[in-house]
Amino acid sequence: MFSKVFAAAIVLASINAHAVESEFFFQSKAGQSDLTPRLGYISTATKAKGATSETKYTGLYKTGVSYEYGINEMFAIEGSLLFSSYENDKTPKTKVSGLEDPHVVLKGTSNMGSSNLRYGLDVGLSIEKAKVKTNGDMTSATGGFSFTPYIGMDTEAAGGVVGGRLNYAILLERTTEIEAFGTDAKTKDGNTLGLSAFYETKVTDVVLGGALNYFNHAATKDSDGDELTKAHNTLGVSFYSAIPFGTWALLPRLDYDFSHSEADKYDVIQLSVAARFNF
């Protein structure tokens, strides 16, 4: 009798472990491919401390496509290629445009009974220098590699899924071509610690989620060690959803960063809509 009860408990634990799924930590199932085209938009209004006026930027932001494949039950790999093109409200206007750094993300999940341990590594690939053009326009590329390991956990609670993630972005030296001077400028440091906590639930089959996001940005320096930007913190919220339609899902999202410790005003709004197709 005891052995039967013990065996039943193991089966139920296994079922519960696999039942924990979150959109925040989405990961392709073993042998499954997910293709996700994305349209993004950004609107910012910022004012540095001591500045006499604020600066606004609007336009396309991180628009493109990503592909993910489930290697097995534990691991998946994702690659993304995105484009941005947004400009400010000054006269004359200046624009930030071009390909973002391509990213490759290795995702891992380990079932821990009634919860999941999540971990992975996001690698930002440097395929070109950043560039500041003579007219003030800039490219979207960062000019350097980045490595962002993360760890987190999610579990079923309060009628939904609750969890958190800790990540740390390590930024290698970046190179920016200054077109007006015909020289390259080097930037280093600026590593970022990120912490997010989220909760999501389902209304019928529709996922509704929200997250609180905190980031600590280290100071950036030039090649001589002089500070270019001060260390600062940012705080924001995210609201997202996954609306299933058979073999694909609609993914609307809103990100709002509203707190910057080194700015008099900091409003950064990102809107996006994506469609994830699995096959």
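Residues are numbered from 1 along each chain as its sequence is written. Because the model is predicted, local features need pLDDT of at least 70 and side-chain atom pairs pLDDT 80 or more, while totals for chains, interfaces and linings use all residues, and side-chain values use heavy atoms, without hydrogens and water.

The second largest pocket has a volume of about 1,000 Å³. A pocket is an open set of points on a 1 Å grid over the protein atoms alone, where a 1.4 Å probe fits, with protein on both sides within 12 Å along at least five of seven lines. The volume is the space filled by probe spheres set on the points, which are joined across faces, edges and corners. The pocket is lined by 41 residues, each with an atom within 4 Å of a point. Closest to the centre are E21, S22, F26, Q27 and K29. Elements that give two or more residues to the lining include α1 (2–19), β5 (103–111) and β19 (263–278). Strand β17 gives the largest share, four residues. Helices (H or I, at least four residues) and strands (E, at least two) are DSSP runs, numbered from the N terminus. By class, the lining has 15 nonpolar, 15 polar and eleven charged residues. Here Ala, Val, Leu, Ile, Met, Phe, Trp, Tyr, Cys and Pro count as nonpolar, Asp, Glu, Lys and Arg as charged, and the others, Gly among them, as polar.

A197 is found in strand β13. A197 counts as partly exposed because its relative accessibility is 44%; buried means under 20%, exposed over 50%, and partly exposed in between (1.4 Å probe, protein chains only). Beyond its neighbours within four places in sequence, A197 is in contact with G163, G164, G210, A211 and L212. Contact means heavy atoms within 4.5 Å. N213 lies 16 residues from A197 along the chain, and their C-alpha atoms are 6.8 Å apart.

The whole structure holds nine aromatic pairs. Rings of Phe, Tyr and Trp (its six-membered ring) pair if their centres lie within 6.5 Å; planes under 30 degrees apart are stacked, over 60 edge-to-face, and the rest tilted. F245 and W248 are stacked, at 4.8 Å centre to centre and 20° between the planes. Y256 and F258 are tilted, at 5.5 Å and 50°. F24, F25 and F198 form one aromatic cluster. R276 lies over the face of F26, at 3.7 Å from the ring centre. Such a charge (NZ of Lys or CZ of Arg) must be within 6 Å of the ring centre and within 35 degrees of the ring normal.
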